[in-house]
Amino acid sequence: MILPVILSGGSGTRLWPLSRALYPKQLLPLVSERTMLQETVLRLEALDDLGPVCCICNEQHRFLVAEQMHEVCKSIGGIILEPMGRNTAPAAAVAAIHALSRFENPLLLILPADHVICDRAAFAGAVAAGTDAALSGALVTFGIVPTGPETGYGYIRAQREGSGTASCYPVVEFVEKPDLAHAEQYIRSGAYFWNSGMFLFRAERYLEELDRTNPAMLASCREAYEKASSDLDFLRLDRDAFGACPGDSIDYAVMEKTSRAVVAPLDAGWNDVGAWSALWELQEHDNAANVVKGDVLLHDVRNSYIHAASRLVAVVGLEDQIVVETPDAVLVASRDRVQDVKIIVRQLTESGRGEAENHRKVYRPWGSYETVDVADRFQVKRIVVKPGAALSLQKHYHRAEHWIVVKGTALITVGEQEITLGEDQSTYIPLGTVHRLENPGKIPLELIEVQTGSYLGEDDIVRVEDRYGRSGEGDGSKLPGNGI
């Protein structure tokens, strides 16, 4: 049996402004109507002898991950929450420990959630080709058959002459991202593959190697798992134990130090969608080699990617450019400089700007809210609550709230009183009053919230009761709109 383990911990900074820290690229529908996480789950349908799917994600993404997984996954074997990122090697170790608590030494198929694989049959064939090697104790990495001298990927050099099988080859070395001259040399040699970051191995085998190469990491992972707590549908790793864990990738921690690494070639239209240029390459072009998304008007534009999320975007006289518009940010970049978008995100983070973390529309387990306007002493939001869902029972020390229902039915708790409001009706929540908003109906509830007060940050929230396991004070952010 193969247990798929989906790693969904990345932040996708190079795909800003669509990808944000709290809504990263793997949770976005970038190349199809499904999100990248969902596409990763769906391609597993091509595999045989498949066990339940385990997903490891950042605890801040847990509700989005759970919702997206439940939409497409028939058998979920656990959603494990990392309190902070520690790279892929600890994540795989936790997955192996979890798998061994339920099954007898299964195969683990480690898959990042943010890859594109166009040919599912070829993907299934590569997994089948690597299975015998993994069953015999090898640690299999999937090497992408290169289509050109790419400088944005690491490489794997395989021993293809005189050893190996028709399906897997011993790994000679892992190579960092090369310059163009070396990349061209690698392609000419025929001995190199792109490093995909996908793996297949027995759970016990991986833990044995990790214990040999980094016993401190394994000890921290074991302690974090043993002290983990159940949280609704999630398994929450112990914060202190996992925080003490060294961070490293599977490649560095294990694969480069083991003598049992083999590479299984994969030729399936793979792309890790690491930057905007990858989306330009992957998607359908118009007659001028442009990719256009949304409400866009072009004149004399070639070889460019134009994405409009919320309004008309008009572009004139550009070539080889990236233009991405969202309600709160616009990115313009040369197509050959898209790797530098992460520098912009770093600047946003260092200056404490909310555009690095969230979109104007923020998703919550009960629905979503969107900041419509904000100024000194007031803020306006559009709130959508799913049928049957409810916000936490809460209060604020520094703001009052006015609610106007524009669609659906609202059941509202204000102090000791419960009231029901329909469309075009409104109510007022005084400062300091315990209150809750619920949707008892069958259609989404939509309302406009007007906040007024001396301080409007979302850390001004005290949760008295919450069905989603959130409790106490707000999330600590002083940015408007982050902790509701």
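This is a predicted model: local features need pLDDT of at least 70, side-chain atom pairs count only at pLDDT 80 or more; totals for chains, interfaces and linings use all residues.
1. Four-stranded sheet. An open sheet is built from 4 strands, and its order reads S14-S16-S18-S19. The pairing in this sheet is mixed. At the edges are strand S14, covering 291–293, and strand S19, covering 329–334. Each of these edge strands pairs on one side only. From one strand to the next, the twist averages 5°.

2. A pair within that sheet. Strand S18 takes in residues 321–326 and runs antiparallel to S19. The two are joined by 6 bridges. To locate the pair in the model, look for Val323, which stands opposite Val332 in S19.

3. Annotated span. The UniProt record, an unreviewed entry, carries the annotation "domain: MannoseP isomerase/GMP-like beta-helix" for residues 300–348. In the model, the C-alpha atoms at the ends of residues 300–348 are 32 Å apart. The span is 16% helix and 41% strand.

4. Six-stranded sheet. A further open sheet has 6 strands in the order S20-S21-S22-S29-S24-S27, and its pairing is antiparallel. Strand S20 (361–364) and strand S27 (426–429) are at the edges; each has a single partner strand, so one side of each is left without a neighbour in the sheet. The twist here averages 20° from one strand to the next.

5. Strand S24 (residues 399–407) is paired with strand S29 (residues 445–453) in the antiparallel sense. There are 8 bridges over this pairing. Trp403 stands opposite Glu449 in S29.

6. Helices H3 and H6. Helix H3 spans residues 88–100 and helix H6 spans residues 203–213; their axes come within 9 Å. The crossing angle is roughly 135°, which makes H3 oblique to H6. The crossing in which H3 passes H6 is left-handed. On the H3 side, the contact is made by Ala89, Ala92, Ala93, Ala96, Ile97 and Leu100. They meet Ala203, Glu204, Tyr206, Leu207 and Leu210 in H6. Sorted by class, the contact of H3 with H6 comprises 10 nonpolar residues, no polar residues and 1 charged residue.

7. Helices H6 and H7. H6 also packs with helix H7 (residues 215–226), at an angle of about 125° and with the axes 5 Å apart. That angle makes H6 oblique to H7. Leu207, Leu210, Asp211, Arg212 and Thr213 are the H6 residues in this contact. Their counterparts in H7 are Pro215, Met217, Leu218 and Arg222. The contact of H6 with H7 has 5 nonpolar, 1 polar and 3 charged residues.

8. A cis peptide bond. Trp16 and Pro17 are joined by a cis peptide bond, with omega at about 10°. Pro17 is in the loop between strand S1 (2–8) and helix H1 (36–42).

9. A positive phi. Asn87 is a residue other than glycine with a positive phi, near 75°. Asn87 is located in the loop between strand S3 (76–82) and H3. H3 itself is the helix of residues 88–100 described under point 6.

Notes
Residues are numbered from 1 along each chain as its sequence is written. Side-chain values use heavy atoms; hydrogens and water are left out. Two strands pair if DSSP finds at least two bridges between them. Axes are lines fitted to C-alpha atoms, for helices over the stretch in contact, and angles run from 0 to 180 degrees between N-to-C directions. Angles under 35 degrees count as roughly parallel, over 145 as roughly antiparallel, 65 to 115 as roughly perpendicular and the rest as oblique. A crossing is left-handed if the near helix is turned anticlockwise from the far one by less than a right angle, and right-handed if clockwise. Contact means heavy atoms within 4.5 Å. Ala, Val, Leu, Ile, Met, Phe, Trp, Tyr, Cys and Pro count as nonpolar, Asp, Glu, Lys and Arg as charged, and the others, Gly among them, as polar. UniProt positions are given in the numbering used here, feature names are shortened, and annotations may be inferred rather than shown by experiment.
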